[in-house]
Amino acid sequence: MTSLVGGKRVRKDCVRLEASGTVDQLTSHLGLPLGSLTDDKAKNCVIECQNVLFCMGAVLATEEDCAAKMMQSVLPEDIESLERQMDGWNAALPGWRGFV
């Protein structure tokens with residue numbers, strides 16, 4: 001067993017913990033290219049993604065009662081902005097018609 005923020009005890013195989021670990025890994029992997037990116041727009045997008053993921057990780061690590069209040073930190077506009085960025089990158093790929 002482990003504790004969520006707020007003290008609620010959950011099993012280590014809880015889907016929230018799995019999701020939290022996955023979000024944490026993604027955040028970490030996104031940080032790897034930051035030092036070598038030269039395009040400010042790309043750099044800012046990675047940082048924006050990480051900020052949204054940090055908020056999502058905090059929500060996942062928090063009890064449901066408190067997490068509902070925190071969900072305001074991840075807005076639909078955040079998701080839409082990231083989707084537009086991905087659409088732009090996909091359009092720039094030569095001959096690519098798949099999902100990234």
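The model is predicted: local features need pLDDT of at least 70, side-chain atom pairs count only at pLDDT 80 or more, and totals for chains, interfaces and linings use all residues. Residues are numbered from 1 along each chain as its sequence is written, and side-chain values use heavy atoms, with hydrogens and water left out.

## Overall fold

The protein chain has four helices and two strands. Helices (H or I, at least four residues) and strands (E, at least two) are DSSP runs, numbered from the N terminus. Along the sequence, the pattern reads β-β-α-α-α-α.

Of the 100 residues, 23% count as buried. Buried means under 20% relative accessible area, exposed over 50%, and partly exposed in between (1.4 Å probe, protein chains only). The accessible surface of the protein chain comes to about 7,100 Å². Carbon and sulfur atoms hold 60% of that surface. These areas come from the Shrake-Rupley method with a 1.4 Å probe; for residues, only the protein chains shown count as cover.

Contact means heavy atoms within 4.5 Å. Among contacts in the protein chain with a separation of 6 or more, 47% join residues 24 or more positions apart.

Helix 4 covers residues 76-92. Its 17 residues should span 24 Å at 1.5 Å a residue, and the end C-alpha atoms are 25 Å apart, which agrees. The expected span is 1.5 Å times one less than the number of residues.

Which residues of helix 4 are buried? They are S81, L82 and N90. Helix 2 (40-60) is included in what covers the buried residues of helix 4.

Two packed helices are described by the angle between their axes and the distance between the axes. For helix 2 and helix 4, the axes come within 11 Å and cross at roughly 140°. Axes are lines fitted to C-alpha atoms, for helices over the stretch in contact, and angles run from 0 to 180 degrees between N-to-C directions. The crossing of helix 2 and helix 4 is left-handed. That term applies if the near helix is turned anticlockwise from the far one by less than a right angle; clockwise gives right-handed.

Helix 2 makes the contact with K41, C45, E48, C49 and V52. Helix 4 brings D78, S81, L82, Q85 and W89. By class, the residues of this contact are five nonpolar, two polar and three charged. Ala, Val, Leu, Ile, Met, Phe, Trp, Tyr, Cys and Pro count as nonpolar, Asp, Glu, Lys and Arg as charged, and the others, Gly among them, as polar.

## Single residues

L82 sits in helix 4. L82 is buried because its relative accessible area is 14%. Leaving aside neighbours within four places in sequence, L82 is in contact with E48 and C49.

Q50 belongs to helix 2. At 12% relative accessibility, Q50 counts as buried.

L34 lies in the loop between helix 1 and helix 2. Not counting residues up to four places away in sequence, L34 touches K43, V46, I47 and Q50.

C14 is in the loop between strand 2 (9-10) and helix 1 (15-31). C14 counts as buried, at 18% relative accessibility.

Some C-alpha separations follow.

| Pair | Separation along the chain | C-alpha distance |
|---|---|---|
| C14 and T2 | twelve residues | 9.6 Å |
| L82 and E48 | 34 residues | 8.4 Å |
| L34 and V46 | twelve residues | 7.5 Å |
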